[in-house]
Amino acid sequence: LTHAEQLKAKEKWDECILKFEDVIRVDPAMSIQAYNEIGMIEAGRGRPADAIEAFKGALEYNEKAEVRQSMSNIHYNIGIAFQMLGGNEQAAAYLQNAVRGYREDFAKEPGSAKIAARLGNALATVGDFAEAAEYFRQAVNLDPLDTGNHSMLVQALTIQGRYDEAVAELQKAIGFMTQTGNKEAAGQLKKLLEIVELKKSGQKK
């Protein structure tokens, strides 16, 4: 697996995929991770059909495994790959499976900012920005140092035209980052604040 990761870092995609396939044969316990890595590489290369095949390999392995893992990420990735292919009906089905899966995951791990953010992202992908914002807000509360959580919350709010809330969230986040000495994060959020305020002023015209 280490060799495959090294090839991935060097963007030697064909060799990398062969190594991940070796991992699947030699170390079946790592199959889900290896199939997902192959799928992500293929999707990144603009090969969604090949990506779907790899992701489905992960689903098939999980069905046969004695201890099953959460497949929320895999369902989400398949949904995105089907969107790339223009298969909106199939995409919607897998994305809804991802949403259901992330809900179950978060119920088991309510202290996980990562799962809250993933659920928010899945909800946003299916167009439910109101509920997405609520989960992004939970992600912010669970991990306020992650600027990505703040950015996703603000995006979900601005898409709904909730500019005042977005501005307030950013001002609060900038204050927090400044107090904790995270100047780089504060600077990134200040730039985002400028963009949101510009959009807000444009809405009033």
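This is a predicted model: local features need pLDDT of at least 70, side-chain atom pairs count only at pLDDT 80 or more; totals for chains, interfaces and linings use all residues.
**Exercise 1.** Work out how H5 and H7 are arranged, and which residues in H5 meet which in H7.

*Solution.* Start with the axes: helix H5 (residues 72–85) and helix H7 (residues 113–125) come within 12 Å and cross at roughly 25°. Angles under 35 degrees count as roughly parallel, so that's what H5 is to H7. Next, the hand: H5 goes past H7 in a left-handed crossing. Now look at who touches whom. From H5 we get Asn73, Tyr76, Ile80 and Gln83, and these meet Arg118, Asn121, Ala122 and Thr125 of H7. Sort the residues of this contact and you end up with three nonpolar, four polar and one charged. As for the spacing, residues three or four places apart point the same way, because an α-helix has 3.6 residues a turn.

**Exercise 2.** Check the span of H8 against the expected value, then find its buried residues and what covers them.

*Solution.* Helix H8 covers residues 129–142, which is 14 residues. From first C-alpha to last, H8 reaches 20 Å, close to the 20 Å expected at 1.5 Å a residue. Then pick out the buried positions in H8: Ala132, Ala133, Tyr135, Phe136, Arg137, Ala139 and Val140. Their cover includes helix H6 (88–108), H7, helix H9 (147–159) and helix H10 (163–179).

**Exercise 3.** Locate glutamate 11 and decide whether it is buried or exposed.

*Solution.* Go to the loop between helix H1 (2–9) and helix H2 (13–26), and there's glutamate 11. Its phi is positive, about 60°, although this residue isn't a glycine. Finally, the relative accessible area of glutamate 11 is 54%; exposed means over 50%, so glutamate 11 is exposed.

Definitions and conventions: Residues are numbered from 1 along each chain as its sequence is written. Side-chain values use heavy atoms; hydrogens and water are left out. Axes are lines fitted to C-alpha atoms, for helices over the stretch in contact, and angles run from 0 to 180 degrees between N-to-C directions. Helices (H or I, at least four residues) and strands (E, at least two) are DSSP runs, numbered from the N terminus. Angles under 35 degrees count as roughly parallel, over 145 as roughly antiparallel, 65 to 115 as roughly perpendicular and the rest as oblique. A crossing is left-handed if the near helix is turned anticlockwise from the far one by less than a right angle, and right-handed if clockwise. Contact means heavy atoms within 4.5 Å. Ala, Val, Leu, Ile, Met, Phe, Trp, Tyr, Cys and Pro count as nonpolar, Asp, Glu, Lys and Arg as charged, and the others, Gly among them, as polar. The expected span of a helix is 1.5 Å times one less than its number of residues. Buried means under 20% relative accessible area, exposed over 50%, partly exposed in between (1.4 Å probe, protein chains only).
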